[in-house]
Amino acid sequence: MDYNQGGFYRFSNYVYCLLILNFIFVFTNLLSFAALILLIPTISNAILYYIALIPTGPAIAALLHSLSILARQQEMTPVSTFLSAYKSNFKDVLKVWFPILTVFFVLVIDIQYFNQNPTVFNQILNGIFLVVLFLLVIFSIYTLIITTHYKFRIRDIYRLSLYYIFTWIKRTTGNIAILFLTVVVMFFTSDFIIIFLSSLVAWFIILNTKPIIQDVKISFVKNEHYEQQDT
């Protein structure tokens, strides 16, 4: 029996990769984590949060892409894989991330306004905007994953992301459940627990979203740019 194929070896390899990727993700995301820790969450600090979250898009994309490779190959070199994905996709990710981040902050500021003026109408709008905000998070996940796997025009990436949100309901619901459980854990522990659970949450999302990645290749890609960071 090949020891490298044993269950304990595979499990320990996954744990090792998740720990290393989590550390690198936090390191490349220090600015946003520092903002979350040091800044008071008020509208007056919104522009500072916006600036701090700019590097978050490339960091999330690199983490998701690295975990996608791990899910397919079961082995990887986490540091080189993450850094390669981060570097090679940085510009493309920022192109899709800036509009998403802008819409995200518009929604958050509107929700803050509705909470400060709790009329019945504003509370209805608040609920609607919260749903849209949650869908935007799923949309951003699909967008970042597609961007790091394939070469599409930006508007086509957005269209594909919307397509998979509303046609692959089972996968979308699964990702919503993963994020909801993460929020529940943060609520009952601490917001900063996400610093230690980032790669684990992303791992569950990748496992749930892997069929979508494969379907994009089968259904929409001819000259595909698929997993170019494998080596």
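Me: In which helix does Phe-90 lie?

Reply: Phe-90 lies in helix H5, a helix being a DSSP run of H or I at least four residues long, numbered from the N terminus. The model is predicted, with local features needing pLDDT of at least 70 and side-chain atom pairs counting only at pLDDT 80 or more, while totals for chains, interfaces and linings use all residues. Residues are numbered from 1 along each chain as its sequence is written, and side-chain values use heavy atoms, with hydrogens and water left out.

Me: Why is Phe-90 called partly exposed?

Reply: The relative accessible area of Phe-90 is 30%. Buried means under 20% and exposed over 50%, with partly exposed in between (1.4 Å probe, protein chains only). Phe-90 is therefore partly exposed.

Me: How far is the C-alpha atom of Phe-90 from that of Val-106?

Reply: The two C-alpha atoms are separated by 24 Å, and the residues are 16 apart along the chain.

Me: What makes H4 oblique to H5?

Reply: The axes of H4 and H5 (residues 78-116) cross at roughly 130° and come within 8 Å. Axes are lines fitted to C-alpha atoms, for helices over the stretch in contact, and angles run from 0 to 180 degrees between N-to-C directions. Angles under 35 degrees count as roughly parallel, over 145 as roughly antiparallel, 65 to 115 as roughly perpendicular and the rest as oblique. The angle therefore makes H4 oblique to H5.

Me: Which residues make the contact of H4 and H5?

Reply: Contact means heavy atoms within 4.5 Å. Among the residues of H4 that make it are Thr-56, Pro-58, His-65 and Ile-69, and among those of H5 are Phe-82, Phe-90 and Trp-97. By class, this contact of H4 with H5 has 13 nonpolar, five polar and no charged residues. Ala, Val, Leu, Ile, Met, Phe, Trp, Tyr, Cys and Pro count as nonpolar, Asp, Glu, Lys and Arg as charged, and the others, Gly among them, as polar.

Me: How do you know that H4 and H9 are roughly perpendicular to each other?

Reply: The axes of H4 (residues 56-73) and H9 (residues 194-220) come within 9 Å and cross at roughly 65°. That value belongs to the roughly perpendicular range, so H4 and H9 are described that way.

Me: What is the hand of the crossing of H4 and H9?

Reply: The crossing of H4 and H9 is right-handed. A crossing is right-handed if the near helix is turned clockwise from the far one by less than a right angle, and left-handed if anticlockwise. The contact includes Leu-63, Leu-67 and Ala-71 of H4, and Trp-203, Ile-206 and Lys-210 of H9. The residues of the contact of H4 with H9 divide into 10 nonpolar, three polar and one charged.

Me: Why are H6 and H7 called oblique to each other?

Reply: Their axes come within 9 Å, and the crossing angle is roughly 125°. By the angle ranges, H6 and H7 are therefore oblique to each other. H6 passes H7 in a right-handed crossing. Residues of H6 including Phe-139, Tyr-142 and Thr-143 meet residues of H7 including Tyr-158, Ser-161 and Ile-165. The contact of H6 with H7 divides into 11 nonpolar, three polar and no charged residues.

Me: Why does Ser-161 count as buried?

Reply: Ser-161 is found in H7 (residues 154-167). The relative accessibility of Ser-161 is 0%, so Ser-161 counts as buried. Leaving aside residues up to four places away in sequence, Ser-161 touches Phe-139, Tyr-142, Thr-143 and Ile-146.

Me: With which side chain does the side chain of Ser-161 make a polar contact?

Reply: The partner is the side chain of Thr-143, at 2.9 Å. A polar contact is a pair of N or O atoms within 3.5 Å; within protein, one must be able to donate a hydrogen and the other to accept it, and residues adjacent in sequence count only if both atoms are side-chain atoms.

Me: What makes His-149 count as buried?

Reply: His-149 is placed in H6 (residues 120-149). With 0% relative accessibility, His-149 counts as buried. The side chain of His-149 reaches the backbone oxygen of Ile-145 at 2.7 Å.

Me: Why does Asn-126 count as buried?

Reply: Asn-126 is also found in H6. Its relative accessibility is 9%, and therefore Asn-126 counts as buried. Apart from residues up to four places away in sequence, Asn-126 touches Ile-111, Phe-114 and Asn-115.

Methods
Helix = DSSP H or I, 4+ residues; strand = E, 2+ residues; numbered from the N terminus.
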